[in-house]
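Colleague: I would like to learn how to read a model like this one. Please take me through it feature by feature.

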Amino acid sequence: MHDFMLKRFLPYYRPYRVLFLVDMGCALLLALADLVFPAATGRVIDVVVPAGDMGRLARFALALLLLYAVRAGLEYIVGFYGHVLGVNIQRDLRRNIFKHLQTMDIRFFDDTKTGQIMARIMNDLFDLAEISHHLPEDVLVAVIRLVGSLVVMLLIDWRLALVVFAIIPVMALFSSTFRDKFRRAFKQNKETMAAINERIEESISGVRVVRAFGNEVFESRRFDEGNEEFRRSRVRSVKHIGVFSSGVGLLSNWGLVIVLAGGGYAAIKGAISPGSYLAFTLYVSRFFQPLDILVRSMEMFQEGAAGFRRFLEIMDTEPSIFDSADAVALRDVRGTVCFSDVGFRYGDGRARVLHRVNITVAAGETVAIVGPSGAGKTTLCSLIPRFYEIEEGAITIDGLDIRRATLDSLRMSVGLVQQDVFLFSGTVR
Ligand SMILES: Nc1ncnc2c1ncn2[C@@H]1O[C@H](COP(=O)(O)OP(=O)(O)OP(=O)(O)O)[C@@H](O)[C@H]1O
Ligand SMILES: [Mg+2]
């Protein structure tokens with residue numbers, strides 16, 4: 001399942017593959033640069049200091065100064081160009097989904113809440129773009145650090161290294177008990193957040209109704225409920241996060257102490273030099289960090305995958321109303337509109353709104369259709385520009401079935417004034 005989604009996501013990297021490679025290359029060098037310091041410190045203590053070699057000490061210091069200057073450059077590139085990559089991908093995702101939304105049927109918008117679509121285009125895609133570069137960067141850096149410090153620790157003293165490795169399963173066990181808790185908590189956060197969005201959307205777009213019926217108090221109460229629900233959900237998840245990070249912190253600090261004691265013992269026995277001992281403890285602290293990062297990356301991946309799945313859900317919804325292969329442009333419209341035996345309902349399983357409707361309106365004629373609310377007047381009119389597809393019968397304009405006309409030319413030829421007027425911002429062209 002994830003494979004399939006990855007295949008759909010990778011093309012978004014394609015236009016920026018150079019940027020991506022530069023970003024990843026710099027992240028790689030960055031992780032390698034971080035491995036130098038403990039070894040250098042060990043050498044200074046074991047070799048340079050006992051020899052009293054000032055010149056060599058200065059050269060060491062100078063080399064490290066240079067190394068950190070280069071590292072700063074690398075960090076800038078990863079921080080800046082990584083985000084450029086992310087925001088480029090974000091723009092492309094957003095452009096694609098917006099373009100796709102323009103082609104969707106009116107029915108889609110009937111069935112989908114605006115707040116939901118907004119959340120997908122803004123929040124989901126923002127998260128996804130952040131993940132698109134942070135995830136590969138973090139994982140690469142973590143793996144290099146992990147493997148690098150592992151190898152170096154083995155080289156310094158394999159027995160001490162084994163002590164460190166014994167802590168890994170404990171950490172993995174501890175982390176795994178949190179995976180389900182995190183997933184559930186994050187899911188609940190998303191859901192309660194969506195509920196708040198929905199309430200805001202409804203009470204704002206329905207503000208006239210709310211005011212007309214003096215429903216402000218009721219609306220506020222409903223909002224407060226959702227808002228409180230969200231607060232509770234967030235409190236629960238930050239509690240999990242708190243326990244998790246302090247637990248991981250505790251385990252790695254204890255690991256450090258164990259190494260300190262074990263290494264001290266070996267140093268007292270003369271089995272390890274003081275420099276190696278110090279280098280080793282420095283590597284251990286570098287070794288535990290990536291474990292934490294890898295666990296967090298896993299969560300990040302889950303969240304990104306969920307966002308991308310929602311993105312694909314929209315992208316894979318095909319419009320059902322489109323130009324037929326033999327569509328022709330409606331030209332020189334005179335305006336004879338004819339309904340013959342038209343039947344229509346809003347979706348399968350819904351009640352029939354129109355049944356065997358026959359109307360002919362000659363060009364130039366003015367016809368008023370009168371009926372009680374809900375009779376189907378608005379529905380009747382929205383069938384002419386093909387906002388919805390009729391189920392039975394046919395509608396023709398000047399004798400041409402509207403299903404054989406191109407949508408563009410059809411909608412250009414039909415003027416429509418809605419009951420509820422919507423004003424676009426901007427100038428009239
Ligand atoms: N988007 C929709 N999805 C599902 N059902 C709908 C939709 N729009 C209208 N209906 C239903 O179709 C029926 C006809 O509605 P329509 O809006 O066409 O009536 P109307 O004659 O224009 O009413 P009014 O005089 O209030 O404007 C009603 O039962 C209504 O509930
Ligand atoms: Mg109406």
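**Reading the sheet, the cores and the spaces**

Modeller: Strand 3 and strand 4 (residues 400-401) run antiparallel and are joined by 2 bridges. Bear in mind throughout that this is a predicted model.

Colleague: Which residue of strand 4 is the bridge partner of Ile 397?

Modeller: Leu 400 is the partner of Ile 397. The hairpin made by strand 3 and strand 4 has 2 residues between the strands, and Asp 398 there takes a positive phi near 50°.

Colleague: How many bridges join strand 1 to strand 3?

Modeller: The general idea is that strands of a sheet pair through backbone hydrogen bonds, in either a parallel or an antiparallel way. Here, strand 1 (residues 337-345) and strand 3 (residues 392-397) are antiparallel, with 5 bridges between them. Within strand 3, Thr 396 stands opposite Cys 338.

Colleague: What is the order of the strands in the open sheet?

Modeller: The order is 2-1-3-4, a sheet of 4 strands with antiparallel pairing. Strand 2 (352-361) and strand 4 are the edge strands, each pairing on one side only.

Colleague: Now the nonpolar cores. Which residues have the most contacts inside the largest one?

Modeller: As a general point, nonpolar side chains in soluble globular proteins tend to be buried together. In this model the largest nonpolar core has 25 residues, and those with the most contacts inside it are Met 153, Val 164, Met 171, Phe 280, Val 284 and Phe 288. Helix 6, helix 7, helix 9 and helix 10 each give two or more residues to this core. Helix 10 provides the largest share, 9 residues.

Colleague: What does Met 171 touch, leaving out residues up to four places away in sequence?

Modeller: With those left out, Met 171 touches Val 248, Leu 251, Ser 252, Phe 288 and Leu 291. Another core, of 23 residues, lies apart from the largest one; Tyr 13, Leu 101, Ala 305 and Phe 311 are among its residues.

Colleague: Take a single serine, then. Is Ser 237 buried or exposed?

Modeller: The cut-off for buried is under 20% relative accessible area. Ser 237 has a relative accessible area of 0%, so Ser 237 is buried. Ser 237 belongs to helix 9, and it touches Ala 185 and Asn 189, not counting residues up to four places away in sequence.

Colleague: On to the spaces. How many cavities of 30 Å³ or more are there?

Modeller: The count is 1 cavity of 30 Å³ or more. The largest cavity holds about 40 Å³ of space. Its lining is made up of Asp 124, Asp 127, Leu 128, Ile 131, Lys 190, Glu 303, Gly 304, Gly 307 and Arg 310. Helix 6 (114-156) and helix 10 (274-315) are the elements that give two or more residues to this lining. By class, the lining of the largest cavity has 2 nonpolar, 2 polar and 5 charged residues.

Colleague: And the second largest pocket: which residues of its lining lie nearest its centre?

Modeller: Asp 127, Phe 186, Lys 187, Lys 190 and Glu 303 lie nearest the centre, out of 40 lining residues. The second largest pocket contains about 1400 Å³ of space. At least two lining residues come from each of helix 6, helix 7 (158-205), helix 9 (216-268) and helix 10. Helix 7 supplies the largest share, 13 residues. The lining of this pocket divides into 14 nonpolar, 8 polar and 18 charged residues.

Methods: Residues numbered from 1 in each chain as written. Chains lettered and ligands numbered in written order. Predicted model: local features only at pLDDT ≥ 70, side-chain atom pairs only at ≥ 80, totals over all residues. Heavy atoms only, no water. 1 Å grid on protein atoms, 1.4 Å probe; cavity = no way out; pocket = protein on both sides within 12 Å on 5 of 7 lines; lining within 4 Å. Points joined across faces, edges and corners; volume = space filled by probe spheres on them. Nonpolar A, V, L, I, M, F, W, Y, C, P; charged D, E, K, R; others polar. Pairing = 2+ DSSP bridges. Core = buried A, V, L, I, M, F, W, Y, C linked by side-chain atoms within 4.5 Å. Buried < 20%, exposed > 50% of the residue type's maximum accessible area, 1.4 Å probe, protein only. Contact = heavy atoms within 4.5 Å.
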